[in-house]
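Hello,

Here is the structure I promised to pass on. Have a look through it first, and then read my notes below.

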Amino acid sequence: MSNPNSNQRLTVKAATRAAQRIFEAAGLPPEAAAVVTDNLIQADLRGHSSHGIARVRVYCDRIRAGFVAARPTIKVENETAATIHLDGGHGMGAVVARQAMLMCIEKAKDSGVAVCSVRAGNHFGIASYYTMLASAADMIGYACSNAPATMAPWGGVSPMLGTNPFSMAVPADRHHPIVLDSSSSIVARGKINLAEIEDRPIPLGWAIDKAGQPTTDATEALQGSVLPFGEHKGYGIALMIDILSGVLSGASHGPHLGPLWDNSDTQQNLGFFLLAIDIASFCDPRDFKRRTDQIIDEIKMSEKAPGIDEILVPGEIEFRSEQYNREHGIMVGPGVLRDLDDLLCQYDLDLNLADDLRPI
């Protein structure tokens, strides 16, 4: 590779081809491999590399170990006019959650609102992957998931809750959808995992070590706890997401969830909660989207603080990143490239990523 010790850009086509072939070699059916790959590539394109192809290795490790079902039986446990309760069969999170949101969208066309509660899931990547499916269908989408306990409650030291991500997407007309996608912690734990993979420090304030002291060492942080955003506010949001995703669905919750990393020997049994609101059941979608545009315009034209060039709305940075990264390639570090090369070699796949790399 041109510079194996620094970040480089990998073409989207090459990254997609490599990830999909690796997942298929690991045992996923082609259609499932395509969904999982698309989820990861979307994360990289939108600038969330912690949830991008850096996850290929750990996903494959868990498929190979039998803790993720390559061909899950996804069952409807209960259903009403506006609700669905799914058992995800411990399948790939992106596959299960995408199916759940698509079911919500179809049901909401008749019921106006549809909710899906899912148990027996696995890490589902960026939550906005699902909410943007709803916004593309002229609906408001919401999605959240619980996660393994890596965050202490505010005032505590022991990890009791996950970084529990959530997203909401709202369609607009002239503008891109408003897309909020956030973890309940100051930073997604995946960013700390990525820092460890790439052997670099983390900013002070992201996490505490197992003794409760602030740390910039990624490994110490992973052994300790990430911190909630907004102090008690992020803690409260994480708790409510755990109840919606885990307690309501019958999935595991709090410290009882199986881990994703660290060579775990158990299924994760994550819970998801997805919601689709059909705008047409309340008002004309065209009028709604025009009024959403008005909100965006008024915010962006409002008075700026000193030193600020532009006021942004949620999702705007990500849409710009996606446009740039589609043209120039996604950012990959040496650790992620080593993982991908190892997997290509392990599965005897005839792909050479070096041909599709370019320097930053």
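How many helices and strands does the protein chain have? There are 11 helices and 13 strands in the protein chain. Please keep in mind as you read that this is a predicted model.

**Overall picture**

Of the 360 residues, 53% count as buried. If you take the contacts between residues at least 6 apart in sequence, 68% of them join residues at least 24 apart.

**Helices α1 and α2**

Next, the helix packing. Helix α1 covers residues 12-26 and helix α2 covers residues 30-45, and their axes lie 9 Å apart at an angle of about 140 degrees. An angle over 145 degrees would count as roughly antiparallel, so α1 and α2 are oblique to each other. Their crossing is right-handed. On the α1 side, the contact is made by Val12, Ala15, Thr16, Ala19, Gln20, Phe23 and Glu24. On the α2 side, Pro30, Ala33, Ala34, Val36, Thr37, Leu40, Ile41 and Leu45 take part. By residue type, this contact of α1 with α2 divides into 11 nonpolar, 3 polar and 1 charged.

**Helices α2 and α4**

Helix α2 also packs with helix α4 (residues 93-111), at an angle of about 90 degrees and with the axes 8 Å apart. Angles of 65 to 115 degrees count as roughly perpendicular, and α2 and α4 are therefore roughly perpendicular to each other. Ala32, Val35, Val36 and Asn39 of α2 meet Ala94, Val95 and Arg98 of α4 in this contact. The residues here divide into 5 nonpolar, 1 polar and 1 charged. You will find Val36 of α2 in the contact with α1 and also in the contact with α4.

**A look at Leu222**

Is Leu222 buried or exposed? Leu222 has a relative accessible area of 15%; the cut-off for buried is under 20%, so Leu222 is buried. This leucine is found in helix α7, which spans residues 218-223. Setting aside neighbours within four places in sequence, Leu222 is in contact with Arg189, Ile192, Asn193 and Glu196. Gly315 is 93 residues from Leu222 along the chain, and the C-alpha atoms of Leu222 and Gly315 are separated by 28 Å.

Best wishes

Definitions and conventions: Residues are numbered from 1 along each chain as its sequence is written. This is a predicted model: local features need pLDDT of at least 70, side-chain atom pairs count only at pLDDT 80 or more; totals for chains, interfaces and linings use all residues. Side-chain values use heavy atoms; hydrogens and water are left out. Axes are lines fitted to C-alpha atoms, for helices over the stretch in contact, and angles run from 0 to 180 degrees between N-to-C directions. Helices (H or I, at least four residues) and strands (E, at least two) are DSSP runs, numbered from the N terminus. Angles under 35 degrees count as roughly parallel, over 145 as roughly antiparallel, 65 to 115 as roughly perpendicular and the rest as oblique. A crossing is left-handed if the near helix is turned anticlockwise from the far one by less than a right angle, and right-handed if clockwise. Contact means heavy atoms within 4.5 Å. Ala, Val, Leu, Ile, Met, Phe, Trp, Tyr, Cys and Pro count as nonpolar, Asp, Glu, Lys and Arg as charged, and the others, Gly among them, as polar. Buried means under 20% relative accessible area, exposed over 50%, partly exposed in between (1.4 Å probe, protein chains only).
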